[in-house]
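Here is a friendly walk through one protein model, meant for someone meeting it for the first time. Have a look at the sequence and the fold, then read on.

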Amino acid sequence: MESENRGSEILAVTWTLTGLAAVSLVVRIVWKLRSKKKLWWDDHICSLSWFVLKTSIFIVTIATSKGLGEHVQAIPEDNLPAIGLLGNFIGTLSILASVWSKTSFALTLLRLLSGRWTKDLLWLGVATIHVFLIVNALFMWIRCSPAAKTWDTYMEGTCWDNQVYPQYAMFAAGYSAAVDFILALLPLALFHQLQMMQRKEKLGTSLAIIVALVSGTTAIMKTTVISGLTSSDFTFTTAPLIYYATAESALTIIAACILSLATLSRSKIQPENSVAGDNNKSLENQSQTSENIPLGAASASTTASGGQSAPSSSSRQGQENNSGVVRDAVVEGGGGGDRGQPGGQEERERERRNRCWYKLPPDTNAWPGVLM
């Protein structure tokens, strides 16, 4: 058999991808700290995901020194159990890196998107991917009895059917790819929900979507090479699986960092009606405060500013009983020839406060504060 060694190729691909993810993460953290923003859960989980990914690549480096990437026939027999054990650690850590990178991306979207259905969809994706992929990592260790037989095929014991674990691993990888595409497409809602979106924010969000779509594509490619786990030449055939698993996690980390940087000044995107509703609540509170003033006192100040005599205390009771008529009369008086006088302007302001929320012009200067 022709001698081949994919070890150097494995190291070049995995370390390059991990390095790119590290650069993205460092830029994200430093830029946030320089902008005097506090680190949130999505930042910490993204950092944890990269740390787990880096640890798995360290183990890959050790495994290649023992023969990973070469054909089984070219590897000393004593090294095979060690490569198998290291392979279990590599698989478990790559699964955790994938899960937590997607969780970080989803948490960033939760801070940006509004709408009940989007939040429910994100939480459902986060919960289910944890269940399916962590079960996948667990199966890697318990598919044989005793567990040591999973990495030492020469040990006596029993294992599941040779196709059970690969089939479940393909299902989990396919579900992971589906979540990648959902996370990639949800940021499209930002273009509809943002009232004020600068060019650089649109460019950054678009780039994050593209990188996330590429990550989903690598997850699909990963499902096509999982069958290499059952090959008798597993030390050679699992090399593409390592490529795609590393690429999926690294690209998701990069996409999450790009999205976080692109929307650094935003914390929660609200539709226009929501912002108008918030403005209406503020105006409604002001209106209620002004309505708590006795009607007679308000009428007195209005008539005094208009040049008329203030009503006496004996007529105050009658004014309270006919508050609706007096209020309409005052508004009409303010809308007539006295518009230039302070009293008429005050009543026009009160009338504006009592207008329905959907009749209020949108306040494009209002934006929710950053919840950092």
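Leaving aside its neighbours within four places in sequence, which residues is Cys159 in contact with? They are Arg143, Cys144 and Lys149, where contact means heavy atoms within 4.5 Å.

Before going further, a word on the ground rules. This is a predicted model, where local features need pLDDT of at least 70 and side-chain atom pairs count only at pLDDT 80 or more, while totals for chains, interfaces and linings use all residues. Residues are numbered from 1 along each chain as its sequence is written, and side-chain values use heavy atoms, with hydrogens and water left out.

**Around the strands**

Cys159 sits in strand S2, which covers residues 158-159. With a relative accessibility of 39%, Cys159 is partly exposed; that label falls between buried (under 20% relative accessible area) and exposed (over 50%), using a 1.4 Å probe and protein chains only. Count along the chain and Cys159 is twelve residues from Ala147, with 9.1 Å between their C-alpha atoms. The loop between strand S1 (144-145) and S2 holds Pro146, and the peptide bond leading from Ser145 into Pro146 is cis, its omega near 0°. As background, most peptide bonds are trans.

**The whole protein**

Stepping back, the protein has 14 helices and two strands. These are DSSP runs numbered from the N terminus: helices are H or I with at least four residues, strands are E with at least two. There are 372 residues, and 44% of them count as buried. Take the contacts between residues at least 6 apart in sequence, and 78% of those join residues at least 24 apart.

The largest nonpolar core has 66 residues. Such a core is a set of buried Ala, Val, Leu, Ile, Met, Phe, Trp, Tyr and Cys residues joined through side-chain atoms within 4.5 Å. The members touching the most others are Ile10, Phe105, Leu109, Leu122, Leu183 and Ile253. Elements giving two or more residues to this core include helix H1 (7-34), helix H2 (41-66), helix H3 (80-112) and helix H9 (239-262). As for Leu109, its contacts beyond four places in sequence are Leu122, Leu183, Leu186, Pro187 and Leu259.

**How the helices pack**

Axes are lines fitted to C-alpha atoms, for helices over the stretch in contact, and angles run from 0 to 180 degrees between N-to-C directions.

| Helix pair | Angle between axes | Axis distance |
|---|---|---|
| H1 and H2 | roughly 160° | within 10 Å |
| H3 and H9 | about 20° | 9 Å |
| H2 and H9 | about 155° | 11 Å |

Since the H1 and H2 axes cross at roughly 160°, H1 is roughly antiparallel to H2; that term is for angles over 145 degrees, while roughly parallel is for those under 35 degrees. H1 passes H2 in a left-handed crossing, meaning the near helix is turned anticlockwise from the far one by less than a right angle. Among the residues that meet are Ile10, Leu11, Thr14 and Trp15 in H1 and Trp50, Leu53, Ile57 and Phe58 in H2.

The H3 and H9 crossing is left-handed. Phe105 and Leu109 are among the H3 residues involved, and Ile253 and Leu259 are among those from H9.

H2 and H9, at about 155°, are roughly antiparallel to each other, and H2 also makes a left-handed crossing with H9. The residues in contact include Trp50 and Ile57 of H2 and Thr246 and Ile253 of H9.

**Two buried residues**

Ile57, in helix H2, is buried, with a relative accessible area of 1%. Not counting residues up to four places away in sequence, Ile57 touches Thr14, Trp15, Thr18 and Thr246. Leu11 is 46 residues from Ile57 in sequence, and their C-alpha atoms are 8.1 Å apart.

Thr235 belongs to helix H8 (residues 234-237). Is Thr235 buried or exposed? Thr235 is buried, with a relative accessible area of 0%. A polar atom of the Thr235 side chain lies 2.6 Å from the backbone oxygen of Glu70. Beyond four places in sequence, the contacts of Thr235 include Gly67, His71, Val72 and Ile83.

Terms used:
A polar contact is a pair of N or O atoms within 3.5 Å; within protein, one must be able to donate a hydrogen and the other to accept it, and residues adjacent in sequence count only if both atoms are side-chain atoms. Angles under 35 degrees count as roughly parallel, over 145 as roughly antiparallel, 65 to 115 as roughly perpendicular and the rest as oblique.
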